[in-house]
Amino acid sequence: AGFIAVNDCTRVGEMATLVDPGGREWRVLVADCGGNEGPGMGASWMTEHNIVAELDAGLWERLTAAHGRPLRVEVRYDG
């Protein structure tokens, strides 16, 4: 259904299931990670702000149109 970035760089390349607020599941590829960027960015910033995933633009548009903002999702890793 799309691509996500997560805070754990060891997850890049894995398939995961994103669960939207209505319980619908979306298969996604973990295509990027927060990494170790500067202040106000990166994996530590994502963790501190309870951000489990950054969604690609198309998936973000679909889900926020249906569920509004802030968008609260869950990520389940396969395997």
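Where is the place of Asn50? After that, please go closely through strand β2, residues 15-19.

Tutor: This is a predicted model, so local features are taken only at pLDDT of at least 70 and side-chain atom pairs only at pLDDT 80 or more, while totals for chains, interfaces and linings use all residues. Numbering starts from 1 along each chain as its sequence is written, and side-chain values use heavy atoms, with hydrogens and water left out.

Asn50 is found in the loop between α1 and β4; helices (H or I, at least four residues) and strands (E, at least two) are DSSP runs, numbered from the N terminus. The backbone at Asn50 has a positive phi of about 55°, although Asn50 is not a glycine. Most residues other than glycine have a negative phi, and most peptide bonds are trans. With a relative accessible area of 70%, Asn50 is exposed (over 50%; buried is under 20%, and partly exposed is in between, with a 1.4 Å probe and protein chains only).

Now to the sheet that holds β2. Five strands make up an open sheet with mixed pairing, in the order β4-β1-β3-β2-β5; two strands pair if DSSP finds at least two bridges between them. At the edges stand β4 (54-55) and β5 (74-77), each with a single partner strand, so one side of each has no neighbour in the sheet.

In that order, β2 is placed between β3 and β5. On one side, five bridges join β2 to β3, and the two strands run antiparallel. Val19 is opposite Glu25 in β3 in this pairing. Five residues lie between the strands in the hairpin of β2 and β3, and there Gly23 takes a positive phi near 95°.

Is β2 enclosed or open? Four of its five residues are buried, so β2 is largely enclosed by the rest of the structure.

Ala16 lies in β2 and counts as buried, at 0% relative accessibility. Leaving aside residues up to four places away in sequence, Ala16 touches Trp26, Arg27, Val28, Val30, Val75, Arg76, Tyr77 and Asp78, where contact means heavy atoms within 4.5 Å. Gly58 is another matter: Ala16 and Gly58 are 42 residues apart in sequence, and their C-alpha atoms are 17 Å apart in space.

Thr17 also has its place in β2, and at 10% relative accessibility Thr17 counts as buried. With the residues up to four places away again left out, the contacts of Thr17 are Glu25, Trp26, Arg27, Glu74, Val75, Arg76 and Asp78.

In soluble globular proteins, nonpolar side chains tend to be buried together.

One more stretch of chain belongs in the picture, the loop between α2 and β5, where both Gly68 and Pro70 lie. Arg69 and Pro70 are joined by a cis peptide bond, with omega about 0°. Gly68 has a relative accessible area of 26% and is partly exposed. The C-alpha atoms of Gly68 and Val6 are separated by 21 Å, with the two residues 62 apart along the chain.

Asn50, by contrast, is exposed, in the loop between α1 and β4.
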